[in-house]
Amino acid sequence: MEVTSSFLLLLQPFLPVFTAPSFATFVQIVSGWILSHRHRYLTDVIFSGGNVGNGHWSRFHRFFSHAAWDRDVLSLHLAKLVVRLLAPNATLLWAVDDTLCRKRGLTLYGAGMHHDPLISSRAKPLVSWGHDWVVLCLLVVHPFWAPTKVFALPMAMRLYRNRQGLTKGKKGKAVSSPAKPKPDPNHRTRPQLAVELLRLAATWFPHDDLLVLGDSAYGGKSVLSQLPPQVHLISQVHPKGVLYASPPPRSAKTKGAPRKKGVRLPNLTQWADDASQPWTRLPFDQFGLHATLVVKTQQALYYKAGGPRLLTIVLTRDLEGQRPDHRFYCTRLDWTARQILSAYACRWAIECTFENCKQYLGLEDPANRLPKAVQRTAPMALMLYSLIVVWFQHVGHRFVCFPYRPWYRSKREPSFADLLTTLRRVSYEEKTEQLAPRQGRWKTWLTQLTELLCRTG
């Protein structure tokens with residue numbers, strides 16, 4: 001069974017990415033992935049799409065492990081499609097972060113022990129075995145069908161492999177050797193992978209400015225000092241980070257090399273307690289930020305991370321005391337504190353995307369082990385998230401309906417679960433439209449059955 005024809009039309013721009021047989025397999029995998037209610041093992045995707053007996057099942061496995069298509073080319077076509085349909089001629093707002101997909105099996109390619117934020121606390125950090133994906137998302141801010149929400153659409157991703165995960169737990173490896181293993185010259189950290197993704201996105205849109213949001217893990221020297229020319233970054237200054245004023249103008253009588261930085265500025269606590277620079281009150285009521293903040297703003301050098309690049313620094317304090325004081329920076333000098341904080345608040349949408357992809361699209365489910373299959377299967381779930389949001393924006397918003405729940409009458413905006421439910425319901429109704437009687441209890445029964453089948457969970 002295939003999904004609705006309006007969704008299949010969105011897959012046509014990806015035709016140049018594949019050969020003709022691989023594109024047919026791609027459409028069948030997408031249909032089965034969306035209609036599946038169980039774990040997204042590839043065998044269940046075959047069953048959900050009604051492709052049992054449609055050729056040998058190995059062709060679906062080989063689509064990920066051996067077929068001749070490139071994941072970055074697929075990401076390129078996806079990004080062009082999203083921008084053309086959702087954000088033409090708009091400033092592109094991006095977010096970058098990483099997520100852990102827990103896995104089992106020591107022979108799984110690319111798996112390692114990574115910090116698990118869901119089971120960790122501030123006092124006790126814990127780790128889990130799995131894949132760590134660095135993901136670059138394009139943000140859709142306040143669409144007309146959900147004017148208070150933000151959706152982060154995954155565009156490109158990279159698998160992070162830590163040094164320990166390259167050899168630990170692999171069969172046949174000598175682990176008792178007293179010699180210290182040599183560092184892998186091809187090893188790249190998460191920030192380095194993020195820079196690689198940003199450079200890739202910059203080549204996709206060479207004439208557009210890209211504004212990227214990243215947390216403190218992606219705000220250090222390895223990212224800020226390596227940004228492409230048209231990419232701007234909003235992130236956090238380390239709590240112990242040192243700021244400097246701009247270097248003073250060079251005198252004609254001064255000898256030697258010119259100064260690269262000015263005087264050292266007060267640290268976070270000293271700046272907050274400085275009465276000579278008053279606080280400015282800024283109330284916020286938006287996605288991810290519902291508070292009344294007071295802020296201070298200045299332009300300074302975050303020299304250790306950004307070198308001589310001048311930044312706009314915003315110091316924030318929550319009047320209710322629910323958040324600690326933070327310093328944010330932005331590489332755009334013409335942005336105000338409200339613009340910077342409003343944009344950074346939208347970064348939380350990427351966390352919602354990771355949760356929805358794991359809960360509703362089986363991001364952690366695929367059990368592939370070969371290198372190329374691992375690099376392709378999990379990104380399929382992330383890209384499907386983007387396609388579902390694009391379909392809903394383009395077509396699906398006309399068909400959304402919320403079931404009657406007398407205990408929940410205030411719902412006005414759809415969640416991603418509602419988007420996926422709507423896509424499934426439209427697909428089922430398109431197939432059963434000719435079979436449904438016009439009236440009677442059979443039509444009611446078929447409507448109830450369709451609603452049950454399309455329900456996500």
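1. Helices here are DSSP runs of H or I with at least four residues, and strands are runs of E with at least two. On that count, the protein chain of this predicted model has 14 helices and 10 strands.

2. The radius of gyration of the protein chain is 25 Å, close to the 23 Å that the globule rule gives for 457 residues, so the chain is as compact as a globular protein of that length. Its C-alpha trace spans about 90 × 60 × 45 Å along the principal axes.

3. Among contacts in the protein chain with a separation of 6 or more, 68% join residues 24 or more positions apart. Buried residues make up 51% of the 457.

4. Helix α5 covers residues 71-86.

5. Which residues of α5 are buried? They are R71, L74, S75, L78, A79, L81, V82, V83 and L86. The cover over these buried residues includes three helices, α1 (5-10), α6 (190-204) and α12 (371-394). Strands β1 (92-102), β3 (127-141) and β4 (150-160) are also included in that cover.

Note on methods:
Residues are numbered from 1 along each chain as its sequence is written. This is a predicted model: local features need pLDDT of at least 70, side-chain atom pairs count only at pLDDT 80 or more; totals for chains, interfaces and linings use all residues. Side-chain values use heavy atoms; hydrogens and water are left out. The radius of gyration is taken over C-alpha atoms; the globule rule is 2.2 Å times the number of residues to the power 0.38. Buried means under 20% relative accessible area, exposed over 50%, partly exposed in between (1.4 Å probe, protein chains only). Contact means heavy atoms within 4.5 Å. The expected span of a helix is 1.5 Å times one less than its number of residues.
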